[in-house]
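Please take a look at this structure.

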Amino acid sequence: MRYAGLTDTRYGGGADDVADVSLASKLLKFNWLLAALLAAAASVGFVMLYSVAGGSLDPWARSQIVRFAVGFGAMILVALIDIRFWKALALPFYAITLALLIAVEFFGEIGMGAQRWINLGVVQLQPSEPMKIALVMVLALYYQWLPPKKVSRPLWILVPLLLAAAPTLLVIKQPDLGTALLLLAGAFVVMFLAGVSWWFFALLGVAGGGVVLAVLVSQGTDWQILKDYQYRRIFTFIDPSTDPLGAGYHITQSITAIGSGGVAGKGLLQGTQTHLSFLPEPHTDFIFTTLAEEFGFIGGLSLLCLFILIVFVALASSFRIKNSFGRLLSAGVATTFFFFFAINIAMVTGLAPVVGVPLPLVSFGGTSMLVLMIGFGLAISAQIHGDLNFRSRSTL
Amino acid sequence: MRQSDEDDQRVRFGRRALVLGGLQAGVAGALGYRLYQLQVLEAEQHQMLAEENRINVHSVAPPRGQILDRLGRPLAVNRHNYRLLLVRERMDSVEATIAQLRELIDIPENELEKAFRKLKRTRGFVPVQLVENMDWEAFARVNANAPALPGVVPEIGWTRDYPDDRAYDFAHVVGYVAAVNEDDLARDRSNDPILRLPDARIGKNGVEKAAEPLLRGRAGKRSIEVNAAGRELRELERDPGVAGDDLTLTIDLELQRYAMKRLQGESAAAVVMDIHNGDILALASAPAYDPNKFVFGIGHADWNALREDEYDPLRNKAVAGAYPPGSTYKMLTSLAAVEYGVMAPRERIQCNGKMHFGRRDFHCWKRQGHGSMNMKDAIKHSCDIYFYEAARRIGIDNLAELSNRFGIGEKFDIEIPNLSDGLMPTKDWKYAALGENWHQGETLIAGIGQGYVLASPLQLAVMTARIANGEKRVMPRLIRAKGGVPAALPEFESLNIAPENMKFVQDGMNAVSNEPGGTAYRSQIYDPANLIAGKTGTAQVRNISRAEREAGVKKNEELPWRLRDHALFVAYAPYDKPRYAIAVVVEHGGSGSRAGAPVARDIMMRALYRGVPPLEAYPPWIRPEIEKQRQEEAEGAVQEDASLDIRGGEGARIWGLDDPARPLPPIRRG
């Protein structure tokens, strides 16, 4: 308490006024370490995309470099803009993204067997991607606004649950199980960090178990919850060997590829599983497999450590942020990133079912890259403007 | 108040963030461990799986061993098989390409349909065979136009070939190969990959079948890197496999061809053997067939013609036929009689044309009887009564014991399938096989080589060879060398016959051929250095009823072919210094002296004189006939010899084995 008081006197009660931090000091406060780590991770992606294309910058590596450059610029730009601006945009951003998700449901284009894309004339947008950030933002805003005492009251728990449920259900409908999982995970993490009671999470665990049970029981009945292919994925995950040439093929081949890489790997461009097409989608969901095949345990573990470092740096920097919004946003982005790569790696190593989550920063994909970089931009902005201690209610 | 709220929140955030971080570290640790498990602990196993994924191993058929005659002249070889393959993905339009092809070559409608069906089922890059076994001209025409025919791949493979000028003559010895069928695969316990190749052939008859494991060799393999779709990317490794062993037979090409020619027009078999080492120099069975027809699948019409032929061309009568040996068996009855001491060679038996035993009469072939006969006379005249009496005294079991020593009922281990074991009856055999007791009358019948006694021409040749050899149980052999390595000659067992007893029998055979009144006197060799000693046999294939016997036994000419007697003749030569033994069986040929002996003599002379014998070697009375025959043949012979030369040179390999059959002994003219 003594410590808290000390900091308070230093910046005074009128924290709202400390708005015009100079550009120089902002650049000084900028989390360059995080930016460097992100660039390093993305570079691994460039190399792997080059390899997957058989030693060519096209069709993927070159375009990925351009996208990363754009994303990196966007991140810096977003980071330098005052966090209060982004706070003010949180709700509209969420509303628009949700509207786009609904639009996708009706006018969306089908890609890879799912309705995910919406054509906005100039750009093709996949609204489920920005929703990952929008949901974290709106929940952070909600807990900034909500007095801490009410955090665990059932009624006030219902609001964030509804905020999360709306996009999640739309995404499941597309169907995109991976993104839905990421959305839910992100939402629960923000709620957890905001201080929602342990009881809620205990209850959630029980409910989750119930849902799993319901999903399994509903199979084959009229009210079947998931699509047949999703069930197949789940069952082949449980035992891939039952169908090694059918649905389990992807998992089996991926595990073989990773394992055959050994400690030191087969060398760049030498991955037989990748280059002889035994791996499905090596440039997107299974790019980690190629990395582990060509660079072995050393390569795979290095990227894993790099990712963990990114999460650690982002999470650690959020400790210093004085406002709930920034704190939750920063930690939320870091955790979303964590879920992203953890699910992907678990998936390609056969620890989780194949749910279609790409490897962040490394897999080929424009929207996902841009959204992540903007997310980190927001987190860095929150850190730069971490000394702001704006009043909760007035700003909503 | 608010301030402390904020602080509380920050503290709580910090606590929860730590919990979260801890959970994340746990998850990350699990992922790291999973990588360790896959890439360090289980790496080897996954590396193996990846290699298996990547590499397709194809079997490569090694060249099948060739089959050669005793001097290395080819009997079964491998020749190029010109074929056309189609690769769908390289063609703009399959129909258009086929239409273009049909302007160049004839493609049978059914082959075309087969290829179309296959093309539809296989992936675009898999080659499908359109035609095979094309002649060189058609193949060359397609090759010349290949640039205009994308997707048409001319390919040269290998196929079995039996040289045309000798294919027919060796059909029963060499046999043939044909496509592998389900039964062949089921029988193959070693899971030989060669048999699973699409154009695999397996021996179905003759040496090709019996020596299949030697001829086939060991499969080679090609390791090919493939992608997930199965497309071949590059060859990583090639192991050509081990070629099958070339087999050098004991058969002499020219003698075999002559034997086949001599048997032409009959349903007959002839076997020539070396009496010292057991080499089978000729193994003829007529009629035969063209084995080349089987290699690519024989047509229904050809097959039915072969099957329905009354002369049974598909059966190798030389080894698979079992005939009552008839009078050719009488040497064994004689030998048993003297060996068991029940009859002295000089003892005389009275032949009155029939002998009463039990409740029936046993007849001699000569109705009026031979009069008083000693052993030599009995063999010479083939008197039945003498041997009825001899057999009665010997008893069936003793007779069987001695006969077995001479190969009757003996299994031989030569590389030809479907060998007949023949039959030498005993009391036990009859009881076991028919459930009846032996009648003594049956012993009498066995004594003249009728009744239950059965022997194959090969067994008769072995019997004669052992009689001529006099000491050793000579075993027949068909393979002279395997892969160029001469086959070792086994140490033959002893016959355990007293030499003087053997001499009585040999004297008898000499009398048959060389003494006036002998049953084969007319078919002697008129050359003191090459005298032949033989025994005629006429095996009855029907029962002669009492009524017929009283009315006069029908002559063979009066009977339908099927009911006529088998004509048999066994012989060896030269009499004083034996080299070769021969057995001839002419199915339903009539009497052995008329239908069997001349054939055997002619074949034997070819062996003795290494080719066309001098006219002086024939008895004077048939010289005009032989001369006339030779003149008639002279025109056709030019062609025949020319065709032999063309093939004889090609691929002929001589293994440098010493050939005891050469050089030619000088002929002394008497």
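## Where two helices meet

In chain A, residues A:P160, A:A164, A:P167, A:T168, A:V171 and A:I172 of α7(A) meet A:L177, A:T179, A:A180, A:L183, A:L184, A:A187 and A:M191 of α8(A). Contact requires C-beta atoms, placed from the backbone, within 7 Å. Helices here are DSSP runs of H or I with at least four residues, strands are E runs of at least two, and both are numbered from the N terminus. The contact residues of α7(A) and α8(A) comprise eleven nonpolar, two polar and no charged.

This is a predicted model: local features need pLDDT of at least 70, side-chain atom pairs need 80 or more, and totals for chains, interfaces and linings use all residues. Residues are numbered from 1 along each chain as written, while chains are lettered from A and ligands numbered from 1 in written order.

## How the pair is arranged

Helix α7 (residues 154-173) and helix α8 (residues 177-194) of chain A have axes that come within 8 Å and cross at roughly 170°. That makes α7(A) roughly antiparallel to α8(A) (an angle over 145 degrees).

## A closer look at α8(A)

α8(A) has 18 residues. From first C-alpha to last, α8(A) reaches 26 Å, close to the 26 Å expected at 1.5 Å a residue. Of its 18 residues, 16 are buried, so α8(A) is largely enclosed by the rest of the structure. Buried means 20 or more other C-beta atoms within 10 Å of a residue's own. A:G195 follows α8(A), with a positive phi near 105°.

## Chain B

Chain B holds 25 helices and 21 strands. Of its 670 residues, 43% count as buried.

Notes:
Axes fitted to C-alpha atoms, helices over the stretch in contact; angles between N-to-C directions. Parallel < 35°, antiparallel > 145°, perpendicular 65-115°, else oblique. Nonpolar A, V, L, I, M, F, W, Y, C, P; charged D, E, K, R; others polar. Buried ≥ 20, exposed ≤ 12 C-beta atoms within 10 Å, placed from the backbone. Expected span 1.5 Å × (residues − 1).
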